[in-house]
Amino acid sequence: MKVQIIYYSKTGNTKKVAEAMASELGVEAKDVKKETLDKSCLVFLGSGLYAGKIGKKLVEFIGKNDFNGVNVVLFGTSIKGEGNEVKEMEELLKSKGAVIKGRFYCYGNFLFAKRGHPSEEELAKAREFAREMTK
Ligand SMILES: Cc1cc2nc3c(=O)[nH]c(=O)nc-3n(C[C@H](O)[C@H](O)[C@H](O)COP(=O)(O)O)c2cc1C
């Protein structure tokens with residue numbers, strides 16, 4: 001199964017999760033600003049949450065690409081850890097015809113909040129999740 005891992009990350013937390021998944025699957029995680037969509041792949045898409053929203057570059061990426069029938073796995077990080085970034089991506093992608101295969105989210109530190117996150121345990125869970133998604 002061909003896999004793409006694409007992320008938007010302002011402060012590096014989502015990038016960490018993306019890279020954990022990527023190393024598990026033997027691919028390279030790519031910044032959304034530098035990647036083009038390959039519709040034939042299982043596409044992992046990730047973002048942090050910023051004032052309740054996903055990164056604008058990711059909104060643009062979703063907007064400009066044809067996701068009809070594309071299999072997508074979502075992941076994200078935030079201090080609330082409730083997956084609101086995943087929910088926003090899911091809504092945008094569903095309206096574009098993407099097929100959502102799975103969701104993963106965890107804490108990401110910001111200033112003094114959620115220090116140490118994503119933790120080693122969360123990164124291990126991310127790796128396991130990535131493996132499951134590609135079985
Ligand atoms: C400008 C900014 C705004 C943020 N707003 C929220 C927010 O509304 N809710 C939340 O749970 N976390 C918020 N956070 C925390 C981030 O979602 C969290 O640190 C996340 O891991 C960032 O991902 P990144 O390091 O990949 O950019 C904010 C962080 C930044 C930098």
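The largest nonpolar core here has 38 residues, and Ile 5, Met 21, Phe 44, Val 72 and Phe 75 make the most contacts inside it. Two or more core residues come from each of β1 (3-8), α1, β3, α2, β4, α3 (84-94), β5 and α4. The top contributor is α1, with 5 residues. Before I go on, please keep in mind that this is a predicted model.

What does Phe 44 touch, once residues up to four places away in sequence are set aside? The list is Val 3, Gln 4, Ile 5, Ile 6, Met 21, Val 73 and Phe 75. Ile 5, Met 21 and Phe 75 were also named among the core residues with the most contacts.

Now the helices, starting with α1. At 1.5 Å a residue, its 13 residues should span 18 Å, and the end C-alpha atoms are 19 Å apart, so the two values agree. Which of its residues are buried? They are Asn 13, Thr 14, Lys 15, Lys 16, Val 17, Ala 18, Ala 20, Met 21 and Ala 22. Note that two lysines, Lys 15 and Lys 16, are on that list. The buried residues of α1 pack against β1, β2 (29-31), β3, β4, β5 and α4. After α1 comes Gly 26, with a positive phi near 70 degrees.

Next, α3. Its buried residues are Glu 85, Val 86, Glu 88, Met 89 and Leu 93. Around the axis they cover an arc of only 160 degrees, which puts them on the same side of α3. The elements covering them include β3, α2, β4 and β5.

Then α4. This helix has 14 residues, and the distance from its first C-alpha to its last is 20 Å, close to the 20 Å expected at 1.5 Å a residue. Buried in α4 are Glu 122, Ala 126, Phe 129, Ala 130 and Met 133. Why do we say that these residues line one face of the helix? Because, seen down the axis of α4, they fall within an arc of 100 degrees. They pack against α1, β3, β4 and β5. The face turned away from this buried side carries the exposed residues Glu 120, Glu 121, Arg 131 and Glu 132.

On to the ligand. How many residues surround it? There are 19, and the closest are Ser 9, Asn 13, Thr 14, Gly 48 and Gly 108. By type, the shell divides into 5 nonpolar, 11 polar and 3 charged residues. Two elements, α1 (13-25) and β4 (71-78), each supply at least two residues of the shell. The largest share is from α1, with 3 residues.

The last part is about backbone geometry. As background, most residues other than glycine have a negative phi, and most peptide bonds are trans. A few places in this model depart from that.

Is His 117 buried or exposed? With 20 other C-beta atoms within 10 Å, His 117 counts as buried; the cut-off for buried is 20 or more. Leaving aside neighbours within four places in sequence, His 117 is in contact with Cys 106, Tyr 107, Gly 108, Asn 109 and Glu 122. Of these, Gly 108 is one of the closest residues to the ligand, and Glu 122 is one of the buried residues of α4.

The loop between β5 and α4 also holds Lys 114. Lys 114 is not a glycine, yet its phi is positive, about 55 degrees. It is partly exposed, with 19 other C-beta atoms within 10 Å.

Ala 51 is another residue other than glycine with a positive phi, near 50 degrees. Where is Ala 51? Its place is in the loop between β3 (42-48) and α2 (56-64). Ala 51 counts as exposed, because it has 4 C-beta neighbours inside 10 Å.

Terms used
Residues numbered from 1 in each chain as written. Predicted model: local features only at pLDDT ≥ 70, side-chain atom pairs only at ≥ 80, totals over all residues. Near = placed C-beta within 6 Å. Helix = DSSP H or I, 4+ residues; strand = E, 2+ residues; numbered from the N terminus. Nonpolar A, V, L, I, M, F, W, Y, C, P; charged D, E, K, R; others polar. Buried ≥ 20, exposed ≤ 12 C-beta atoms within 10 Å, placed from the backbone. Core = buried A, V, L, I, M, F, W, Y, C linked by C-beta atoms within 7 Å. Contact = placed C-beta atoms within 7 Å. Expected span 1.5 Å × (residues − 1). Arc of directions from axis to C-beta.
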